[in-house]
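The questions below ask how each label was reached. Each answer sets a value against its cut-off and concludes.

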Amino acid sequence: MKNKEYYIKRNQLMKEDYLNYNTTVSKIAKKYGLTSRSLQRAMKNLGVVRERKEATRLSVKHKDYSWLRKPEELKVKRKSIPQGLRYKILRAHPYCSVCGATYQQCPLSIDHIDNNPTNNNENNLQVLCLECNYGKYALKE
Ligand SMILES: [Zn+2]
């Protein structure tokens, strides 16, 4: 398991790249092994917003419209975790499994350990904070 500092550093670099308007979102996403949409979602959740006007200008300049397309992996039907199960897991484990952050420090989410969003088996679910969850996602090849 990578540590918290690693994820913070990685997210920091991602934010810097994201706010540097010299390159397109899809190129930044590729660099970190993410899809454009997941990068944008991560940035939005971390409170970093790229102006749409700028993003559009860049994609026109680079003739790169891939960030507008829906990636294959999103077409997999996601099964939502039943609220009761979500509650049970968070109640038993109210902190991040990687860095130990509580919800007061960072928003917590339920992560699928095997990265399969349809596998809602209780032992496939763990609590991760937002930073660690995106860190894990960024490590996925
Ligand atoms: Zn964490």
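Q: Which residues does Tyr103 touch, not counting residues up to four places away in sequence?
A: In this predicted model, Tyr103 touches Pro94 and Leu108 once residues up to four places away are left out. Contact here requires C-beta atoms within 7 Å.

Q: Why is Tyr103 called partly exposed?
A: Tyr103 has 13 other C-beta atoms within 10 Å. Exposed would need 12 or fewer and buried 20 or more, so a residue in between is partly exposed. Tyr103 sits in the loop between helix 5 (83-92) and strand 1. Its C-alpha atom is separated by 9.7 Å from that of Leu130, 27 residues apart from Tyr103 along the chain.

Q: What makes Asn115 exposed?
A: The count for Asn115 is 12 other C-beta atoms within 10 Å. The cut-off for exposed is 12 or fewer, so a count of 12 qualifies. Asn115 belongs to the loop between strand 1 and strand 2. It has a positive phi of about 65 degrees, although it is not a glycine.

Q: What makes strand 2 mostly covered?
A: Of the 5 residues in strand 2 (residues 125-129), 4 are buried.

Q: How do you know that the buried residues of helix 3 line one face?
A: The buried residues in helix 3 are Ser36, Leu39, Gln40, Ala42 and Met43. Seen down the helix axis, they fall within an arc of 160 degrees, so they line one face of helix 3. Just after helix 3, Gly47 takes a positive phi of about 80 degrees.

Q: What makes up the largest nonpolar core?
A: The largest nonpolar core has 11 residues: Met14, Tyr18, Val25, Ile28, Ala29, Tyr32, Leu34, Leu39, Ala42, Met43 and Tyr134. At least two residues of this core come from each of helix 1 (4-19), helix 2 (25-31) and helix 3 (36-45). Another core, of 10 residues, lies apart from it and includes Cys96, Val98, Ala101 and Cys129. Beyond its neighbours within four places in sequence, Met43 is in contact with Lys15, Tyr18 and Val48.

Q: In what order do the elements of the protein chain run?
A: From the N terminus on, the order is α-α-α-α-α-β-β-α, with 6 helices and 2 strands in the chain.

Q: How many of the contacts with a separation of 6 or more join residues 24 or more positions apart?
A: In the protein chain, residues 24 or more positions apart account for 67% of those contacts. As for burial, 24% of the 141 residues count as buried.

Methods
Residues are numbered from 1 along each chain as its sequence is written. This is a predicted model: local features need pLDDT of at least 70, side-chain atom pairs count only at pLDDT 80 or more; totals for chains, interfaces and linings use all residues. A nonpolar core is a set of buried Ala, Val, Leu, Ile, Met, Phe, Trp, Tyr and Cys residues joined through C-beta atoms within 7 Å. Two residues are in contact if their C-beta atoms, placed from the backbone, lie within 7 Å. The arc is that of the directions from the helix axis to the C-beta atoms.
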